[in-house]
Amino acid sequence: MRMPHLRKSTEPYNADSLVRWVRHRRARLLVAVLTGLPLAGAGWIAVTGLLAHDELLASQRALNSLRQQIAAGPLADGSTASAVPVKQKTDAAVRAAAAHAARAHGLTTGPAWYSAAHVPVLGGPVRTVRGAAEAAERLTREVISPLADIATRLTADTAKDGGHLSLPALRRAAPALDQASRSASDVRREVDELPSDTWLPAVDRARAQLARKLDRIVPATGDAAAATRVLPSMLGERSPRRYVVVFENTAEARGTGGLPGAFAVLRADRGRLAFEYFGNDTEMADAVAAVDLGDEYAASHGHNAPTSTWVNSNLSPHFPYAARIWTAAWEDHTGQKADGAFALDPSALAGLLTASGPARLPDGTAVTAANVVDLTERSSYAAYPDTRERKAFFLNVARAVAARLLGVANDPPRQPALFAALNGQLRSGRVKMWSAHPSEQREIRRRPFGGTLPDTADPFAGLVVNNAAGTKLDYYLDRRLEWAPGRCVAAGREVTVTVDLTNRAPASGLPLYVTQRVDAPSYRTRPGDNRLLVSYYASKGARLAKAALDGRPVMVNQAAEHSHPVYTLDLELPAGSTRSLELRLLERPSSRPPSLLRQPMVRPLRATVRPYPECGD
Amino acid sequence: MMIKSSPWRAALAATAATFVAVVPLATAQAAYADAPTSVYQPYPPELSTATVPAGGVIYFVAEGFEPREVVTAALVPQFSTALSGSSRSGDGEGGGDKCKGRDATYRANAMGTVSGCFQVPKKTPPGPYLFTLTGEESGSVSAPLTVTAKNGAGNEYGNGHGPWEGSADGASPALEGDAEGWPGTVKVAGHGKTLALRTGAAGEQPGSVGTTSQQALVGYDATSHVSGGTVPAGTGSGTNWALVGGAAGLAAIAVKAVTVVRRRHTRTEQG
């Protein structure tokens with residue numbers, strides 16, 4: 001009886017203990033599970049994250065290798081025999097990059113990554129890493145791979161046709177390029193939506209780096225897609241086309257770059273290009289362009305007769321104005337209609353010689369990327385005071401450079417580097433284009449080589465100079481522009497624009513042709529003194545509060561182009577001097593950095609854009 | 001996650017455009033070299049300024065004054081501190097009245113805008129001037145302007161294409177709203193003010209002979225409120241400037257005669 005009693009007396013105790021023990025075990029297990037799983041998950045994420053990181057680095061290395069092979073491979077050894085191995089290497093590099101990116105994406109998927117990405121606050125870096133890996137995978141699969149395939153096919157078709165672009169192949173590539181362009185934009189948007197300010201700075205930096213890469217990839221892909229849409233027709237796929245090609249001399253500044261000196265007329269017929277005429281400004285002296293550019297244009301530039309004075313035809317930086325004048329003047333001169341216009345300058349030539357390698361003159365002189373601007377815009381004026389001799393020299397330079405560039409352009413293995421260099425010149429606006437056909441111009445005008453003033457109300461800053469002395473002294477012109485946003489006031493955001501212009505022409509030793517003052521000023525000047533119309537193109541809606549020249553208040557001429565206020569000062573700029581124009585503006589509040597208009601000249605614009613302070617500061 | 005941009009993309013983006021541009025680039029050089037040696041270069045571009053004959057009228061709209069502020073108009077010769085001779089002017093509060101009276105005073109409206117017309121004295125010596133509006137409180141605004149001999153002609157611009165063309169009252173400058181975008185209108189801005197002006201010949205209806213022209217000398221303002229021209233002081237001494245100033249009037253007469261059309265035909269051997 002005792003046992004049962006005892007059992008009775010102990011069972012409940014033991015059962016309770018057991019229950020408590022079990023409950024305790026469960027609790028501990030639960031605790032262990034609750035703590036262990038996240039720890040395990042965190043460990044898994046850490047390990048796979050590191051592996052994904054390595055995969056992405058490998059993908060990056062593959063693409064770097066691809067770039068180096070294309071940029072340096074064909075030119076390094078100078079032989080076309082290496083073309084096929086290089087192509088195979090590039091294909092392999094693209095495949096490797098895509099495979100590594102796919103593995104990185106795979107490593108960052110699954111329950112652990114999914115769950116961790118949804119943890120508030122702590123999940124931020126996980127979401128960023130996961131999204132970035134996915135973006136990398138999409139980029140290599142949907143953008144880089146098809147682009148490489150298309151480029152390879154185009155290159156092959158071009159090679160088969162003796163270096164001439166295959167227009168049917170270009171048109172066939174359009175849908176795939178459109179898709180690649182859309183994918184690139186989608187990826188860019190997805191990366192934008194990823195957390196950018198997490199508790200892990202390294203992840204934030206990596207996301208920012210990826211976003212910067214995409215900032216270059218997206219427009220490049222868009223340009224390629226646009227090219228396939230418009231170039232078949234521009235290159236005369238259905239009917240021959242004719243273009244006016246103008247060579248700008250940036251030693252004498254004009255709004256689009258430099259004075260339009262020489263020009264050529266280019267004919268495009270089913271992808272074949274040929275020049276059918278060459279001329280210069282003298283020939284166009286009496287040509288009148290029957291074109292109405294509107295009251296706004298006439299108010300700003302009409303008094304300089306731009307439609308009937310060839311060398312004043314590009315005072316505005318808005319390239320379509322100049323192009324319309326050029327094509328209309330050509331029609332007036334010859335009766336021939338032109339389908340568009342191009343403009344370029346010696347600095348663009350220098351950029352192309354960087355890729356092609358130097359040309360050589362008959363006397364052995366090398367024309368290189370480093371000296372072509374100096375040869376054509378400075379030293380030739382001193383070396384050849386006689387106009388005929390100077391032109392003979394230009395002819396030699398032209399022949400040598402043309403032969404070099406055409407040689408490289410018609411050599412498929414060498415084309416990518418040259419075309420990449422041209423792409424750089426197009427994107428920098430040193431080569432501009434305009435089409436008289438609206439559907440084509442709609443594509444062109446949105447791109448840097450369209451040379452158009454923007455239609456948006458976003459912040460904009462454009463320093464434009466026109467030589468008002470008739471000198472060739474802008475070769476020595478240094479330009480600095482600082483755009484500094486200030487506090488917000490009731491009328492908008494204060495913006496201070498400072499323009500410093502320095503005339504670095506030597507005080508003596510320059511040829512008369514370079515320093516002569518065609519403007520015949522009524523005040524005394526010295527050789528080397530220059531005179532500029534200095535214009536600042538402001539954001540739409542901007543208003544000028546104050547203007548000062550060298551610290552003293554000054555009035556500036558006010559006009560407008562494409563709804564952008566334009567403030568202009570007629571400025572005497574003596575040799576060796578720096579003059580500073582300060583404009584205090586009120587602009588619409590915005591947090592976007594301004595678009596900068598970089599007028600292509602010999603010396604680059606040095607621009608500084610200050611960050612936005614908080615409104616009220 | 002550091003994805004490098006493939007050069008293939010750049011190459012592809014450039015490919016098609018290159019076929020258009022590379023060859024022109026190279027051959028344009030040859031074109032330049034093959035060009036005839038006899039070339040021309042007309043006068044370089046100049047900033048648009050206004051021209052008015054002696055006895056003519058100046059129509060203006062200026063913003064940035066104090067509400068209801070009294071504003072005085074004057075024609076100030078450049079390179080001299082002396083004010084110009086007597087002037088006929090309109091009372092023109094808010095604009096709209098004919099040019100009349102000798103006191104060239106106006107009153108700004110409630111928005112600080114003043115408009116009206118100013119008659120240039122018939123005996124005003126030709127030369128470069130500043131048309132200056134000075135508020136009693138808020139300072140001045142001025143624009144460069146060249147006075148020509150009586151009945152002196154302007155150029156082809158501003159011949160009645162202004163915004164007040166066909167103005168019903170026959171005198172109102174009607175420079176309302178945004179005067180930009182109209183040929184013949186000169187507009188300047190600075191220290192919180194803007195001034196748009198247009199000119200007409202003596203005895204003619206407004207808008208019939210508004211002119212602008214090219215002016216060799218610039219220098220926007222010589223008043224105490226605004227700095228002098230853009231020619232730096234270091235270019236010449238004060239004495240030289242006085243001498244130059246004395247000659248400037250004569251120079252301007254010669255310069256204004258050089259019209260755009262004539263300039264187009266100026267030839268200078270260039271290369």
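This is a predicted model: local features need pLDDT of at least 70, side-chain atom pairs count only at pLDDT 80 or more; totals for chains, interfaces and linings use all residues.

Visitor: How many helices and strands are in chain A?
Guide: Chain A has 14 helices and 18 strands. These are DSSP runs numbered from the N terminus, with helices (H or I) of at least four residues and strands (E) of at least two.

Visitor: And what share of chain A counts as buried?
Guide: Of its 617 residues, 56% count as buried, meaning under 20% relative accessible area, with exposed over 50% and partly exposed in between (1.4 Å probe, protein chains only).

Visitor: Which residues touch the most other members of the largest nonpolar core?
Guide: They are Val367(A), Val401(A) and Leu418(A), in a core of 78 residues. Helix H6 (residues 201-234) of chain A gives the largest share of this core, eleven residues. A second, separate core has 31 residues, including Leu501(A) and Val534(A). A nonpolar core is a set of buried Ala, Val, Leu, Ile, Met, Phe, Trp, Tyr and Cys residues joined through side-chain atoms within 4.5 Å.

Visitor: Changing topic, where does H5(A) bend?
Guide: H5(A) bends by about 40 degrees at Ala174(A), and Pro175(A), a proline, follows within four residues. The bend is the angle between axes fitted to the seven residues ending there and the seven starting there.

Visitor: What is found at the start of H5(A)?
Guide: There, a side-chain oxygen of Ser166(A) comes to within 3.2 Å of the backbone nitrogen of Ala169(A).

Visitor: What about H8(A), which of its residues are buried?
Guide: Among them are Phe319(A), Pro320(A), Trp326(A) and Trp330(A). Just after H8(A), Gly335(A) has a positive phi of about 85 degrees.

Visitor: Is Gln441(A) buried or exposed?
Guide: Gln441(A) counts as buried because its relative accessibility is 9%. This residue belongs to helix H13 (residues 438-444) of chain A.

Visitor: What does Gln441(A) touch?
Guide: Leaving out residues up to four places away in sequence, Gln441(A) touches Pro320(A), Trp434(A) and Ser435(A), where contact means heavy atoms within 4.5 Å. A polar atom of the Gln441(A) side chain lies 3.0 Å from the backbone nitrogen of Ser435(A).

How values were computed: Residues are numbered from 1 along each chain as its sequence is written. Chains are lettered from A and ligands numbered from 1 in the order in which they are written. Side-chain values use heavy atoms; hydrogens and water are left out. A polar contact is a pair of N or O atoms within 3.5 Å; within protein, one must be able to donate a hydrogen and the other to accept it, and residues adjacent in sequence count only if both atoms are side-chain atoms.
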